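Hi,

Here is the structure I promised to pass on. My notes on it follow below; have a look at it first and then read on.

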Amino acid sequence: MTQLIDTSIYTAVTEAIQGEARRILSEGSVSAVVGYAAARRKGSAQPVVITQADDSGKLIFSAACVNNLAVYLTKAKKDIPKNGKIGIVVKGCDLKALVGLMGESQLKREELYLIGVPCAGVLASTILPDTALTSGTIASKCRECGERLPQGCDYTPTVTPPITPVLEKKYAAEIARLEAMTPAERWAYWKEQFKKCIKCYACRQVCPFCFCEQCLCDRNKPQMVETTPRPAGNFAWHIVRAMHLAGRCAGCAECERVCPMDIPLNLLNRKMAKELKELYNHEAGFEVREKGPLAMYDEKDDQSFIK
Amino acid sequence: MSRIGVFVCHCGENISRTVDVERVAAEVGKLPGVAFSTDYKYMCSDPGQGLLKKAIREERLSHVVVAACSPRMHEKTFRKAVESAGLNPFLCEMANIREHCSWVHEDRDEATVKAIEIVGMMVERVKKNRVLPTITVPVTKRSLVIGGGIAGIQAALDIADAGHEVVLVEREPSIGGHMAQLSETFPTLDCSQCIMTPKMVDVANHPRIKLYTYAEIEHVEGYIGNFQVTVRRKARSVIEEKCTGCGVCMEKCPVRKIPNTFDRDLGMRPAIYVPFPQAVPNTPVIDRENCTKFKTGKCGVCQKVCGPGAVDYEQEDRLIVEPVGAIVVATGFDLYSIEEKPKGSSIKGYGEFGHGRIPDVIDGMTFERLASASGPTGGKIMRPSDGREPKQIVFIQCVGSRAREKGISYCSKICCMYTAKHTMLYHHKVHDGQAYVFFMDARTPGKSYDEFWRRSIEEEEAVYIRGMVSRLYQKGDKIVVMGSDISVGVQVEIEADMVVLATAVQPRKGADTLAQKLGISYDKYHFYSEAHAKLRPVECATAGIYLAGACQGPKDIPDTVSQASAAAAKVMTLFARDQLEREPIVARVRETGCVGCFYCKKVCPYGAVEEKEIRDRQGNLVKVVAYVNPGVCGGCGTCQATCPSKSVELDGYTDEQIVAMIESL
Amino acid sequence: MHTEKEKHTFEPKIIAFVCTWCTYAGADLAGTSRMQYPANVRVLKFPCTGRIDPVFILKAFQQGADGVLVSGCHPGDCHYIAGNFHARRRFAAFRKLLEFVGVDLGRLQFSWVSAAEGGKWVEMVTGLTEQVRGMGPMQEFKELALEEQWSGSIDTPELQEAYDQI
């Protein structure tokens, strides 16, 4: 049964964001604010960078504000942070990416002004932007979200996020389904999925953690990973990508959202997150950690798999 | 295009028996890039090496692969040969077709095919080898010695006598350490202070030893040959340069009843004091916790009576940076404290032995002070409780040591011998007294040690009882010691006047903190770890840091002095050259690719990765990248495997080389 | 000593990534002790298991390995203080990933073999060779590589028709 999800707070949130952006821009405490603005199609939203207090009215927040804006602070708009302190609108999931980036010396907390957004959830990528948010249209990542109210922001609108219905956790269910398969069945599943990949690298472009200037997978001296948009190359790319994100990805699911071929990319990342939680009790994105789980060790780490 | 030469060795028959070496040479000769291939009976022999050198010159070879034994055996030999023929030694690789092939397989065909593949793999690898220049780092020919006990003193004197400057840092107000506290030493019974104090004076007078007492190591930076050590000189409240050591201040100090730690709290000292009369330097220190001036602001007697005006109440801690090239760690030991259990430690106390509760239950070091002619009793053995001479005395060995259930499983090594010494000292001073010793084993390996132990029983009438003590308790003015004699299987009960516990040797408190500052490793007890238990016993795994004495493990004086001299010899070996050469297997950062996530820095076991700012011509910061200090890098390559963009590469094991090998298979 | 060697129809290709200080030395010891083991293994020497990138394991499978062995110093024995500890975490995660995409972990083995454990080296190599032999060739990556050559199989009549018209 489809349940409607209450997004009535978004109006208040939008007003609050606008007010705060106007205040910090006119005060001059930030040089720009990264947020969302309405886009051309009805009900849709797109990322925007505003630098004038007068433009604050453009900022909105709605169930169509799907993007993780963290990427605009690293590679997408590299020059933004250089111009002084930056304001950024963050959902709980986006904040986790920012926290991770701080731990990896890519951002400094003191250079950011975080405008936290109480969030009831956003729409799945396959849903038209002006659709109502329901248990059927909500994005998969929001189904298992535990961070509807981002913590530790400089400003958070005093709105309580509505109590959202308990939804079935799709990733967890899918991981369990795959884990129950034989290796051959899993191979067949992923082969079918990776076969679709056209190596457009949208997943890489949108990922806040893919901040390398030169990707390992683009190197040709030596060619560590096959680059062809064919099965072998695709497999290699997705395995390497999942490995590189292990312990860092906090599940903003942008890779999956932008994938034009609908490959369930976040599934790999969630699986790795689950394993690292089980192995080392590590969850990405909650605190700025100097060392991720794969950059540290404990002498007593599990080694039951080593003979 | 590379011109690779491949040399396949028969190793007599060791390889050729199972591997068709001619076929290997012929097959490998067909590989692209191979300009020359041959086989020879013994490649490592002089004619074999001659053949290699000749081929390099005549065939204008660019790279060399020697297919023979393990590189662990002869890599150095062949790289040297290649170098003498004018090629960079790192353009030579070995293919292991003996240990990994001919010796472990019997089927000739199979082994030959495998050998061809192994050589082929190394051919592909060597194509990607780069010229690696030998890395040299300058050496600062000054040494730091941490700890002014007998180990530190010996090391400092040896290094200074060899002509190098030494900075000796001691935590206490005087050097001397535990040895200065001892009465006599085994196995010769010569007076400890008589042999120790001249060495202490030598240190004080040595023109090349800079002595910092009442000082600690604050911070260590740098690497072998180039350390920067920050020393904290704690405020002594007495200006060393002005003080003449006349001692008037100590005589006039109105606070007189402070237990002297040097005398194991048996004697008393004033608030301005030297720990013992022969202290070096003979400069007093004000114990600010107990000084009336510091507590109430009134008094100031010492300043008034000091002729040279050396007393300075305003003095503050000073930080001094000393550049040194090598560090000798000689921080010594603490005695196992049986009444208190260190916080967070798995080591348990010995409450049942009543130490701290029964005043006449003392430890071995306290006994030393009682027996010492310069001790608080002037060398007279008397009970701390009532000053009576004990007529029955019980020594208990292995208190703490070899007691797994108490948390320490090692043997403290010195207790058997010093207990034997104690029974003798006792017998010499209390002629009508009787000494009993409870022991598990008597361990007496060492020159004249067993004779010494036998003497304590045969000539000095000590009664040794094999077995442990289960309980001690006070009964009137006696201490009842209950134990078992397992050699005859009976329970024993002795009414003793005094009990001496041979407590375990433990590393200094804070040994772990110092190790972290130095970047050296330590075991679960916090004893420092040597690089190799047998072959590199005085070096740490961290280059340029050496160990001396009990900080590495329990040791007696002769062993400590030997190790100190050995550590000094290692330092001198290092200082014998102006430049330090090291294998160029180190990581290098490709700055264009580095995005400064510093994963490399996080995983580097050596702390070799630094942050480096890249600026444009106007001086604007472009980015911060990683920089690997080649002097510190150990060459493990963990950084490269961790780097997401592979912007750090380990020379000699680059991705190109490894991928070439995988792709050849 | 010489026994009749069994002939197998399938000889697996085993690639071993080992550290130079412990396992490589252990393999040397197996040689000096003249122990016997299957000739299927090819050894790649690294300074430390810490240097072994998971990509190499992937690369080895893509290169046609039927089994991969990764071996280094026992915990606490690392010549480079802690390289093997880092490797242990990295591989604990990587094997979970490979398992999740459908690689049978019977083909990927990790071990600690010290310089004194020539016998253990023989055991590891023999064990993995036999195990992989029982599992048969690693078809998965080979099939992918084959498909790499062809953009896709002509499996529908429409495609076949279009193809014929060219």
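**What I found**

Chain C has 6 helices and 4 strands, where helices (H or I, at least four residues) and strands (E, at least two) are DSSP runs numbered from the N terminus. Before going further: this is a predicted model, in which local features need pLDDT of at least 70 and side-chain atom pairs count only at pLDDT 80 or more, while totals for chains, interfaces and linings use all residues. Residues are numbered from 1 along each chain as its sequence is written, and chains are lettered from A and ligands numbered from 1 in the order in which they are written.

Back to chain C. Its elements run β-α-β-α-β-α-β-α-α-α along the sequence. The radius of gyration of chain C is 20 Å, whereas a compact globule of 166 residues would come out near 15 Å (taken over C-alpha atoms; the globule rule is 2.2 Å times the number of residues to the power 0.38). The C-alpha trace of chain C spans about 65 × 45 × 20 Å along its principal axes. Even so, 58% of the 166 residues in chain C are buried, that is, 20 or more other C-beta atoms lie within 10 Å of their own, with C-beta atoms placed from the backbone.

Next, the core. The largest nonpolar core has 368 residues, and B:Ala67 and B:Val119 have the most contacts inside it. A core here is a set of buried Ala, Val, Leu, Ile, Met, Phe, Trp, Tyr and Cys residues joined through C-beta atoms within 7 Å. What does B:Val119 touch, leaving aside its neighbours within four places in sequence? Its contacts are B:Val6, B:Val24, B:Val28, B:Val65, B:Ala67, B:Ala95 and B:Ile97 (contact means C-beta atoms, placed from the backbone, within 7 Å).

Finally, chain A. The domain assignment (automatic or from a database) gives domain 1 (9-143) and domain 2 (170-295). The C-alpha centres of these two domains of chain A lie 24 Å apart. In chain A, 21 residues of domain 1 are in contact with 22 residues of domain 2. On the domain 1 side, α2 (92-103) and α3 (140-143) of chain A are the elements that give two or more residues, and α2(A) gives the most, with 9 residues. That side divides into 9 nonpolar, 7 polar and 5 charged residues, counting Ala, Val, Leu, Ile, Met, Phe, Trp, Tyr, Cys and Pro as nonpolar, Asp, Glu, Lys and Arg as charged, and the others, Gly among them, as polar.

Cheers

Terms used: A residue is buried if 20 or more other C-beta atoms lie within 10 Å of its own, exposed if 12 or fewer, and partly exposed in between; C-beta atoms are placed from the backbone. Two residues are in contact if their C-beta atoms, placed from the backbone, lie within 7 Å.
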